[in-house]
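Hi everyone, thanks for coming.

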Amino acid sequence: MSLVVSAGGHSFCLQAAKGFSISKSKGYKLGPRAALVEARPRVNGSPVAVQVLGGNRAEDLQAEARAMTRAANASVYSPELLARKYGSRPVQVVNRTLEILIALGSFALKLLLDERNGTLDKNKRKRAAELRNIFTRLGPTFVKLGQGLSTRPDLCPPEYLEELAQLQDALPTFPDADAFSCIETELGIPLDSIFSSISPSPIAAASLGQVYKAQLKYSGQTVAVKVQRPGIEESIGLDFYLIRGLGIFINKYVDIITSDVVALIDEFARRVYQELNYVQEGQNARKFKMLYADKEDILVPDIFWKYTSGKVLTMEWVDGVKLNEQAAIEKQGLKVLDLVTTGIQCSLRQLLEYGYFHADPHPGNLLATPEGKLAFLDFGMMSETPEEARFAIIGHVVHMVNRDYEAMARDYYALDFLSPDVDVSPIVPALRDFFDDALNYTVSELNFKTLVDGLGAVLYQYPFNVPAYYALILRSLTVLEGLALYADPNFKVLAASYPYFAKRLLTDPNPYLRDALIELLFKDGRFRHVFSNLVIYTYSFLCAFDWMKSAYL
């Protein structure tokens, strides 16, 4: 078997087992499979640049179809199937129930004592940190549950939102032999027929799987290989069966929680089960790339469908630095704020143009490449903003800036926060009390997290049911602002976002946005001079851009 490579402008062949260096990790026994570990092509001691020739679109589609066939038996969330399955396993159910009850029961007891001692508010931050640690110990389902709760200001107070947002997916790795066996079983071919090298241990581990770095044998291209954790379906299936039973109890007996807890659990469980289907994740990445990678500063890795299945995902390797590693980014001559601004503009396009967005943009999923691009990773959890909600969000921002709190309250009907029979009049004073103080600052001075925390306090006090898409939007922009604050404590995500809103209002022909533009510019029949400079600047920029584009064409 030979591999065509190029180095120094010359193409030549490398025979198998020649010109490779193999590093053996301590304690790792080499066998036929392990001989692939860390094999790298070299010429005169230097790594070789491997030329990769892309296949045509028809072959790619055929490979994707075969990957879908391999994932045909991927599990989907079904409360009925879980009830039938675990209803006949009482011992397993009781053991896991006791484990969960002991962990969460001790936490509930502490809350009860805090309430009786009058220290509930004083210890809120401490208890939130304890809950985060409990979720981590209880395993993948509860890590995911905690991350989901961190986006629900209608269910959790601000202190809990902040602590749960710190939950990391990092869990102990599972044996490499199990991972390599999974690859061979899923793809139906030996490991050494796929890769010329693969890392001896995972370079990253998460709650649902772990990732290896490898080199494809047929092309030499470096790839990331994501392998699902063994037994994960069994683990999360039992947990969601128990959690849903708790949700039924809460809906029936706990009046203080107004949201439909069972519906929230079902929605969240469906999302987690979708993450277990790696073919679906690959399709998510392809769609995301089609919509947003048209911008030169956005990078989305390609999927190698020939080596992808329901439990194995092979995608293009991306060299980069996590967006929260400021020193490493600046060492490459890049600026964190430039990358964050790119992320904000891309997020706004995701949320308000196409409505298809990355629902888990934590620092580990956002990389700064050496070329200065912002790379998006991990497309297991995606979400969509309904079309009517996209316009309502823009209108909501206009009403907030105009301090039209009655209109803001009515927006919650369009945003599906409130059912039509809920009276919004009691909510208006709460909005006015908070936003009158917050909006004493100019747009360029507003802190997005402050607005989110304040709005979250209002949502927590009233019968709101925040849709998943909106909670994820808040989290997405809050994460980006948090990253920017590492580099510049004075950075404001709203200041970076506002030109986008102005451009949409000026250029979008939608009647709803036309009306919103009029509301922004005029009040009581008079022009609002506070926005005149911004509008004139944006309009002038758009005209100049159109002129340059026409001149170029």
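This is a predicted model: local features need pLDDT of at least 70, side-chain atom pairs count only at pLDDT 80 or more; totals for chains, interfaces and linings use all residues.

The mean pLDDT of the protein is 79, and 79% of its residues reach 70 or more. One is residues 1-54, which still has 93 contacts in the model beyond near neighbours in sequence. The other is residues 536-553, with seven contacts counted in that way.

The protein has 21 helices and 18 strands. It has 553 residues, and 49% of them are buried. If we take the contacts between residues at least 6 apart in sequence, 68% of those join residues at least 24 apart.

On to the helix pairs. Two packed helices are described by the angle between their axes and the distance between the axes. You'll hear both for each pair.

Let's begin with α3, which covers residues 90-117, and α4, which covers residues 124-138. Their axes are 11 Å apart, and the angle is about 180 degrees. So α3 is roughly antiparallel to α4, since the angle is over 145 degrees. On the α3 side, the contact is made by Arg96, Glu99, Ile100, Ala103, Leu104, Phe107, Lys110, Leu111 and Asp114. From α4 come Arg127, Glu130, Leu131, Ile134, Phe135 and Leu138. By class, that gives nine nonpolar and six charged residues, with no polar ones.

The second pair is α9, residues 232-253, with α10, residues 261-275. Here the angle is about 165 degrees and the axes are 8 Å apart. That angle makes α9 and α10 roughly antiparallel to each other too, and their crossing is right-handed. The α9 residues in the contact include Glu233, Ile236, Phe240, Ile243 and Arg244, while those of α10 include Val262, Ile265, Asp266, Phe268 and Val272. Sorted by class, the contact has twelve nonpolar, three polar and three charged residues.

Is Ile236 buried or exposed? Its relative accessible area is 1%, so Ile236 is buried. Leaving out residues up to four places away in sequence, Ile236 touches Thr141, Val272, Tyr273 and Leu276. Two of those names, Val272 and Tyr273, are also among the α10 residues in the helix contact. Ile236 and Lys144 make another pair to look at: they are 92 residues apart in sequence, but their C-alpha atoms are 9.9 Å apart in space.

What does Asp266 touch, not counting residues up to four places away in sequence? The answer is Tyr77, Pro79 and Arg244. Arg244 belongs to the α9 side of the helix contact.

The last pair is α14, residues 387-401, and α19, residues 493-507. Their axes come within 11 Å and cross at roughly 110 degrees. That makes α14 roughly perpendicular to α19, and the crossing is left-handed. Phe391, Ile394, Val397, Val398 and Val401 of α14 meet Tyr498, Phe501, Arg504 and Leu505 of α19. Eight of the residues in this contact are nonpolar, one is charged and none is polar.

That's my tour, and I'm happy to go back to any of these helices with you.

How values were computed
Residues are numbered from 1 along each chain as its sequence is written. Side-chain values use heavy atoms; hydrogens and water are left out. Axes are lines fitted to C-alpha atoms, for helices over the stretch in contact, and angles run from 0 to 180 degrees between N-to-C directions. Helices (H or I, at least four residues) and strands (E, at least two) are DSSP runs, numbered from the N terminus. Angles under 35 degrees count as roughly parallel, over 145 as roughly antiparallel, 65 to 115 as roughly perpendicular and the rest as oblique. A crossing is left-handed if the near helix is turned anticlockwise from the far one by less than a right angle, and right-handed if clockwise. Contact means heavy atoms within 4.5 Å. Ala, Val, Leu, Ile, Met, Phe, Trp, Tyr, Cys and Pro count as nonpolar, Asp, Glu, Lys and Arg as charged, and the others, Gly among them, as polar. Buried means under 20% relative accessible area, exposed over 50%, partly exposed in between (1.4 Å probe, protein chains only). pLDDT is the predictor's confidence in each residue, from 0 to 100.
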